[in-house]
Amino acid sequence: MLGFADERMGRPMRLVYPTPEQQQILAQTFGCCRFVYNWALRKKTDAYYNDHQRLYYKELSLLLTDLKKQEETHWLNAVSSVPLQQALRHLDKAFLNFFEGRAKYPTFHKKHNNQSATYTANAFTWHNGAITLAKMNAPLDIRWSRPLPKDAPPSSVTISKDCAGRYAHQHPCGR
């Protein structure tokens with residue numbers, strides 16, 4: 001079952017049943033996040049091996065802004081910019097884990113693996129346990145398996161899709 005390990009770690013993961021329109025928005029967002037992550041990984045790797053220079057989140061964020069202005073990648077503007085920025089942060093964390101010996105060198109994300117997008121608090125609304133993501137008109141249909149903590153809105157929300165096409169919602173608990 002999806003999410004058991006995450007629940008034990010204090011991160012509730014709940015099944016999400018998006019509408020077809022929401023599935024389309026999520027598919028675009030997942031694809032754009034994957035593209036940005038892979039683009040940034042290529043930039044970082046090339047900068048290090050070709051120019052002996054390290055690129056960090058701040059530089060990549062500025063480069064992402066320029067990338068979104070280019071005609072051939074203008075489609076990145078169709079999704080919220082927050083998950084794209086979070087993809088850069090995830091890459092930064094992957095490199096930190098690599099350099100501290102906790103993980104292997106980051107690899108490119110593939111279309112047919114699990115996909116996810118992380119939204120920070122400024123990219124979603126939380127009202128009575130319902131979450132509406134940026135660029136969506138209606139809240140997501142989330143099935144909660146246990147009551148939510150009162151007065152504890154999440155600081156971030158991660159929506160993921162596994163290889164079987166199941167969607168899940170995850171957010172840090174405020175315990």
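Q: Is His171 buried or exposed?
A: Buried: in this predicted model, His171 has a relative accessible area of 4%. The cut-off for buried is under 20%, so His171 falls within it.

Q: And where does His171 lie?
A: His171 sits in the segment after β7, the strand at 167-170.

Q: What does its side chain make a polar contact with?
A: With the side chain of His169, at 3.4 Å.

Q: OK, switching to Asp162. Where is its place?
A: Asp162 is in the loop between β6 and β7.

Q: Buried or exposed, that Asp162?
A: Asp162 counts as buried, because its relative accessible area is 10% and the limit is under 20%.

Q: Which side chain makes a polar contact with the side chain of Asp162?
A: That of Arg166, at 2.6 Å. A polar atom of the Asp162 side chain also lies 3.1 Å from the backbone nitrogen of Ala164.

Q: How many residues apart in sequence are Asp162 and Ser116?
A: They are 46 residues apart in sequence, and in space their C-alpha atoms are 8.7 Å apart.

Q: How does the lining of the largest pocket look by class?
A: There are 9 polar, 7 nonpolar and 2 charged residues.

Q: What about the second largest pocket, how much space lies in it?
A: About 270 Å³. It is lined by 13 residues, and Lys44, Arg54, Leu55, Phe95 and Phe99 are the closest to its centre.

Q: Which elements give two or more residues to the lining of that second largest pocket?
A: α2 and α4. Of the elements, α4 gives the most, with 5 residues.

Q: Let's move on to the nonpolar core. How many residues has the largest one?
A: It has 38 residues, and Leu26, Leu84 and Leu133 have the most contacts inside it.

Q: Which elements each supply at least two residues of this core?
A: The helices are α2, α3 and α4, and the strands are β2, β4 (130-133) and β6 (156-161). The most comes from α2, with 11 residues.

Q: Why would nonpolar side chains be together like that?
A: In soluble globular proteins, nonpolar side chains tend to be buried together.

Q: You mentioned Leu133. What does Leu133 touch, not counting residues up to four places away in sequence?
A: Leu133 touches Leu26, Tyr119, Ala123, Phe124, Leu140 and Ile159 on that count.

Q: Last one: where is the place of Thr65?
A: Thr65 is in helix α3, which covers residues 57-69.

Q: How far is Thr65 from Ser81, C-alpha to C-alpha?
A: Their C-alpha atoms are separated by 9.5 Å, with the two residues 16 apart along the chain.

Note on methods
Residues numbered from 1 in each chain as written. Predicted model: local features only at pLDDT ≥ 70, side-chain atom pairs only at ≥ 80, totals over all residues. Heavy atoms only, no water. Nonpolar A, V, L, I, M, F, W, Y, C, P; charged D, E, K, R; others polar. 1 Å grid on protein atoms, 1.4 Å probe; cavity = no way out; pocket = protein on both sides within 12 Å on 5 of 7 lines; lining within 4 Å. Points joined across faces, edges and corners; volume = space filled by probe spheres on them. Helix = DSSP H or I, 4+ residues; strand = E, 2+ residues; numbered from the N terminus. Buried < 20%, exposed > 50% of the residue type's maximum accessible area, 1.4 Å probe, protein only. Polar contact = N/O pair within 3.5 Å; in protein donor to acceptor, adjacent residues only side chain to side chain. Core = buried A, V, L, I, M, F, W, Y, C linked by side-chain atoms within 4.5 Å. Contact = heavy atoms within 4.5 Å.
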